[in-house]
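This briefing reviews a ligand site and a strand arrangement. Please consult the sequence and the structure shown below while reading.

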Amino acid sequence: MTHTPGSPAEEQFSGELTSGEHLSYWLASAMPVAYKTLDSDLQTDVLVIGGGIAGLTTAYRLASQGRSVVLVEDGMIGSGESGRTTGHITHALDDRYYHIKKLLGEENARLAAASHTLAIDWIEKIVDEEDIDCEFKRVDGYLFLHPSDKAESLQDEYQLTHDIGLNTKWLSSVPDILDDANACIHFPNQAQFHIMKYLRGLAASFIKKGGQIYTRSKAEDIDKNGAKVNGYTVKANHIVVATNSPVNNRVTIHTKQHAYRTYVIAAAVPKGSVPFSLWWDTGNVKSEWTAEPYHYVRMTSYNEDYDLLIAGGEDHKTGQADKEHISEEERYFRLIAWTSKRFPQMKHVVYRWSGQVLEPVDAMAFIGKNPGDDNVYIITGDSGNGMTHGTLGGLVVSDIITGEPNPYIDLYDPARKTVKAASDFISEAKNMTAQYTDWLKSRHVDAAKDLANGQGGVVGTGTKKLAVYRDESGQLHTCSAVCTHLGCIVHWNADEKTFDCPCHGSRFTKYGDVINGPALEPLKKLDEPKDD
Ligand SMILES: Cc1cc2nc3c(=O)[nH]c(=O)nc-3n(C[C@H](O)[C@H](O)[C@H](O)COP(=O)(O)OP(=O)(O)OC[C@H]3O[C@@H](n4cnc5c(N)ncnc54)[C@H](O)[C@@H]3O)c2cc1C
Ligand code: FES
């Protein structure tokens with residue numbers, strides 16, 4: 001059994017609710033969080049663009065400090081990647097501390113650990129102070145070896161977590177999971193929540209502190225004076241771009257981070273049969289991809305009879321699922337196989353969805369002043385730790401704006417040099433360059449007539465490539481397949497029914513409208529092609 005979208009609320013808000021065909025459990029189980037749409041010019045001290053965890057945390061923090069803050073969101077609150085997360089709140093960073101030490105030194109690894117610990121504690125404090133009913137819970141986390149990885153990786157990680165002051169333990173087996181791995185690192189006192197309930201509570205608290213939120217309100221022409229929002233002028237002294245992929249920055253940051261798709265299933269397990277914990281494997285070191293895909297698992301309450309076991313993984317670079325000859329659909333089957341082997345309590349799959357993560361080349365998010373700007377800020381490059389990175393983003397950026405000292409400003413500075421990550425930078429750059437050969441070489445579907453109703457594809461050869469979608473009534477919708485960011489050819493994502501760009505992760509709806517930046521413009525609409 002899988003969840004089929006279609007409740008009245010979902011239909012009413014359709015595409016503005018989320019960035020793909022599937023609804024996550026969080027979105028399906030919480031009503032959309034909508035506010036008024038912006039319909040006049042405005043002036044404010046701080047304009048925050050983006051209503052995910054990063055934007056809302058920044059807005060809330062600054063409003064708490066007495067600042068006048070306006071937040072604009074082009075969909076609904078949580079309609080970006082925050083609504084598609086799995087909501088592990090942890091300082092067990094997926095880039096591994098021993099890797100961070102190699103790139104940035106032990107002191108920076110220590111700072112990174114302290115900053116994520118602070119973010120967990122901050123979320124707990126706000127949940128408590130604002131009385132946010134979001135199922136926040138402290139849980140244990142367990143990191144165990146992926147079969148492709150060397151035992152020393154786990155030992156190195158354990159040693160380093162100790163050296164930098166984390167209270168980890170070495171266990172000789174992985175609790176509550178059937179796995180061949182015979183040891184794991186125990187991270188006590190991690191956390192989890194229901195992200196949409198958290199965001200709803202944070203938004204309400206922000207409004208109580210005098211903040212303003214506008215949903216269905218898209219920001220464009222962002223500069224040091226503010227932005228155009230739905231065509232109206234919003235002037236601000238400070239502009240925070242918390243759009244996940246920064247839409248104000250055309251190139252610099254997008255060569256330092258890379259977009260990956262990641263897949264999730266939520267399966268029913270008999271209530272109480274699996275304890276609430278977090279589990280992660282160390283990732284497939286033999287993978288095709290520079291950012292090695294790993295599995296991540298957590299629990300949540302579902303109904304009187306069942307809990308949900310939520311497992312994720314099977315990542316690939318955006319727009320490049322085919323490179324491993326594993327379709328998007330097949331990735332869910334692999335995830336189900338991996339999970340059911342380790343959690344035999346698992347019954348039927350109730351939800352499935354995918355989402356996008358941005359992997360920075362040197363393992364640190366980019367939080368702070370946009371390079372070259374004094375009053376425009378970005379929060380991006382979360383990797384799989386966006387709950388804590390997004391929270392930290394809010395804390396660091398608000399401290400920069402108010403002039404408060406913050407020990408993490410340099411570590412996350414978007415203008416920092418990433419030279420020590422040269423090998424990852426080069427391998428990602430090679431991958432990106434290879435995508436441009438798609439222009440001439442590849443043809444994804446022979447002709448539009450090959451497309452069934454409800455399917456899309458890229459048709460044509462040479463310099464004429466079309467992104468074609470055949471709707472449920474059989475009508476064709478045609479755009480140029482050339483990405484409006486820097487000209488790569490988009491790929492059809494048959495799972496979320498979107499056109500995804502393999503170069504910097506821009507995504508477009510089946511009709512060509514922008515879902516994720518860095519692209520700002522829709523795919524160029526063209527006349528209908530003939531079936532052949
Ligand atoms: C499947 C999956 C599982 C994950 N699991 C975890 C996990 O367990 N733990 C963890 O820590 N992290 C996890 N992450 C990462 C984490 O969810 C994200 O990094 C985080 O939610 C990003 O938050 P954000 O606020 O930066 O971006 P978003 O939530 O994407 O918010 C950005 C918002 O900006 C809006 N926007 C964009 N352009 C404009 C514009 N021009 N004008 C107005 N608004 C605009 C978008 O609509 C969007 O709502 C996961 C991610 C995925 C996809
Ligand atoms: S996202 Fe950069 S070319 Fe498409």
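A residue counts as buried when its relative accessible area is under 20%. The model discussed here is predicted. By that criterion, eleven of the twelve residues of strand β14 (residues 306-317) are buried, so β14 is largely enclosed by the rest of the structure.

**Pairing of β14**

- β14 runs antiparallel to β11, and the two strands pair over ten bridges.
- Strand β13 (residues 296-301) also pairs with β14 in the antiparallel sense, over six bridges.
- A hairpin of four residues joins β13 to β14.
- G312 in β14 stands opposite V264, and G312 is also the bridge partner of Y296.

- In the side chain of D382, an N or O atom lies 2.6 Å from an oxygen atom of ligand 1.
- A nitrogen atom of ligand 1 is 3.0 Å from a backbone N or O atom of G384.
- A polar backbone atom of G386 is 2.9 Å from a nitrogen atom of ligand 1.
- The protein buries 95% of the 1,000 Å² that ligand 1 exposes when taken alone.

**Shell around ligand 1**

- There are 36 residues around ligand 1, of which E73, S82, T86, D382 and M387 come nearest.
- The shell residues comprise ten nonpolar, 20 polar and six charged.
- At least two shell residues come from each of α3 (53-64), β11 (257-270), β15 (349-360) and α9 (386-402).
- β15 gives the most to the shell, with three residues.

Terms used
Residues numbered from 1 in each chain as written. Chains lettered and ligands numbered in written order. Predicted model: local features only at pLDDT ≥ 70, side-chain atom pairs only at ≥ 80, totals over all residues. Heavy atoms only, no water. Near = heavy atom within 4 Å. Polar contact = N/O pair within 3.5 Å; in protein donor to acceptor, adjacent residues only side chain to side chain. Areas by Shrake-Rupley, 256 points an atom, 1.4 Å probe, with all protein chains shown as cover. Nonpolar A, V, L, I, M, F, W, Y, C, P; charged D, E, K, R; others polar. Buried < 20%, exposed > 50% of the residue type's maximum accessible area, 1.4 Å probe, protein only. Pairing = 2+ DSSP bridges.
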